[in-house]
Amino acid sequence: MSRLPTPIRALNAVGRVWRAVGLSPRRLDPTTLEQAALEEARKEPGLGNATLGDPSEYRPGLEVICTALEQLPELPTAGRFAARRQILRALRQRIRRLAWRTQRPEQFARRLHPPVVVLGLPRTGTTFLHRLLCAPDDARALPMWEVAMPFPPLQGPDKRRETGQRGANMMKRVVADIDRKHITGADEPEECMHLQDEAFFSWSWFSNYPLPTYTRWLQTADAAPAYRVWHDVLRYVQAQDHTKRLTLKSPSHTAHIRTLLDEVPDARIVWTHRDPATVVPSFASLIATTRTVATTPTTADPHALGREISEFLAHQVQQGLEARARVPTGQLIDIPFDDLRRDPLATVARIHNHFGLPWTPTVSRAVQAQIDARQRNRHGTHRYGLADFGLSDGLIQQLFANYSVPSSTSS
């Protein structure tokens with residue numbers, strides 16, 4: 001586990017004393033949180049009639065998350081505060097989206113241009129490839145600050161980027177080794193799964209908190225409301241600039257290709273691939289880091305995390321494999337990790353050619369500049385292994401028996 005900064009450790013120590021003398025922490029109760037979000041929103045100009053809309057679109061996930069958090073053997077005080085802030089931010093995001101839809105419906109009226117969507121298991125090069133595909137001038141990514149807060153105030157100054165910068169700086173102070181495992185930044189292209197936070201159907205929640213019951217719930221819950229939200233936000237983003245091609249990324253889409261295509265039938269899908277025996281411990285190591293604020297040395301169990309992550313990812317990829325047949329010919333391309341690592345420029349050119357996207361000297365130079373700027377391991381080497389999480393090659397082969405990495409195009 002990463003060592004937390006002194007102020008965070010002090011806050012957790014105060015919380016332990018507080019609980020030891022019989023004082024109860026503020027519960028994470030869905031109804032109380034909804035009321036708090038609405039009360040705060042109604043103070044904002046233009047949101048006097050704020051509403052959360054149909055509870056069936058978000059309440060199931062919110063209830064699972066709150067219940068799971070309250071059932072943790074120990075949720076550090078800093079983790080409880082962080083969870084409350086994240087839930088309230090998601091509810092405010094929902095309130096703003098519904099207000100924009102009501103007051104500015106023209107922002108959502110235009111059909112979405114076919115986006116490029118990078119998916120596949122996590123730790124398969126999705127982040128690196130996404131940032132290369134975003135490099136051309138005609139591509140449009142969503143930076144971290146925007147996926148966290150897609151909608152500006154209806155009235156008044158837009159301070160989302162400044163808020164996002166403060167949040168990114170705080171995260172780097174609290175989780176000091178995050179960039180060694182996953183480079184982040186307020187202006188870096190980020191995963192569009194965060195747009196689904198307001199539906200409480202997103203990897204964001206289990207990434208930050210040890211919620212195995214929520215991880216299991218994700219495997220069977222209806223994804224359609226979350227993808228309607230996702231589609232809504234993308235149409236709004238496109239309305240701000242119709243000339244750019246949305247270029248998106250999230251491993252969470254792998255299990256939901258069918259639902260994604262229900263919303264955006266002509267999406268162009270890039271599926272990255274890598275050996276699960278490498279993917280699983282790498283992702284478990286990342287999740288151990290992102291959960292730092294919500295766990296303690298006594299509650300963090302790497303073997304339990306290994307079981308949770310390996311079983312979850314095996315289910316995700318199986319769902320994706322079953323959905324592949326639905327993807328129309330020409331709308332999906334497979335990219336082995338080894339190809340991307342060996343020749344990233346040729347890999348991006350191959351993707352452009354497959355989808356009929358422009359590949360000009362200007363585009364090539366833009367992509368090469370990104371390759372040069374993203375030197376591997378510049379923040380330190382990320383070390384991990386199956387044994388760190390109580391896993392073995394045999395178990396991974398069993399869990400991922402139906403999945404194989406496509407042959408490299410250069411082999």
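Predicted model: local features only at pLDDT ≥ 70, side-chain atom pairs only at ≥ 80, totals over all residues.
## Helix 4

Helix 4, with 27 residues, spans 39 Å from its first C-alpha to its last, close to the 39 Å expected at 1.5 Å a residue (the expected span is 1.5 Å times one less than the number of residues). Helices (H or I, at least four residues) and strands (E, at least two) are DSSP runs, numbered from the N terminus.

Residues are numbered from 1 along each chain as its sequence is written, and side-chain values use heavy atoms, with hydrogens and water left out.

## Helix 3 and its two partners

The axes of helix 3 (residues 59-70) and helix 4 (residues 77-103) cross at roughly 175° and come within 12 Å. Axes are lines fitted to C-alpha atoms, for helices over the stretch in contact, and angles run from 0 to 180 degrees between N-to-C directions. Helix 3 is therefore roughly antiparallel to helix 4 (angles over 145 degrees count as such). Leu62, Ile65, Cys66, Leu69 and Glu70 of helix 3 meet Arg80, Ala83 and Ile87 of helix 4, where contact means heavy atoms within 4.5 Å. By class, this contact has 6 nonpolar, no polar and 2 charged residues. Ala, Val, Leu, Ile, Met, Phe, Trp, Tyr, Cys and Pro count as nonpolar, Asp, Glu, Lys and Arg as charged, and the others, Gly among them, as polar.

Helix 3 and helix 10 (residues 212-220) have axes that come within 8 Å and cross at roughly 155°. That makes helix 3 roughly antiparallel to helix 10. On helix 3, Pro60, Gly61, Val64, Ile65 and Ala68 meet Thr213, Tyr214 and Trp217 of helix 10. The classes here are 6 nonpolar, 2 polar and no charged residues.

## The sheet and its helices

An open sheet of 5 strands runs in the order 2-3-1-4-5, with parallel pairing; two strands pair if DSSP finds at least two bridges between them. Its edge strands, strand 2 (139-140) and strand 5 (332-336), each pair on one side only. Strand 1 (residues 116-120) pairs with strand 3 (residues 245-249) in the parallel sense over 3 bridges. The bridge partner of valine 117 in strand 3 is leucine 248.

Helix 5 (residues 126-133) packs on the sheet and touches strand 1, strand 2, strand 3 and strand 4 (268-273), its direction making about 170° with that of strand 3. Helix 16 (residues 344-355) also packs on the sheet, touching strand 3, strand 4 and strand 5, and its direction makes about 170° with that of strand 5.

How values were computed
Parallel < 35°, antiparallel > 145°, perpendicular 65-115°, else oblique.
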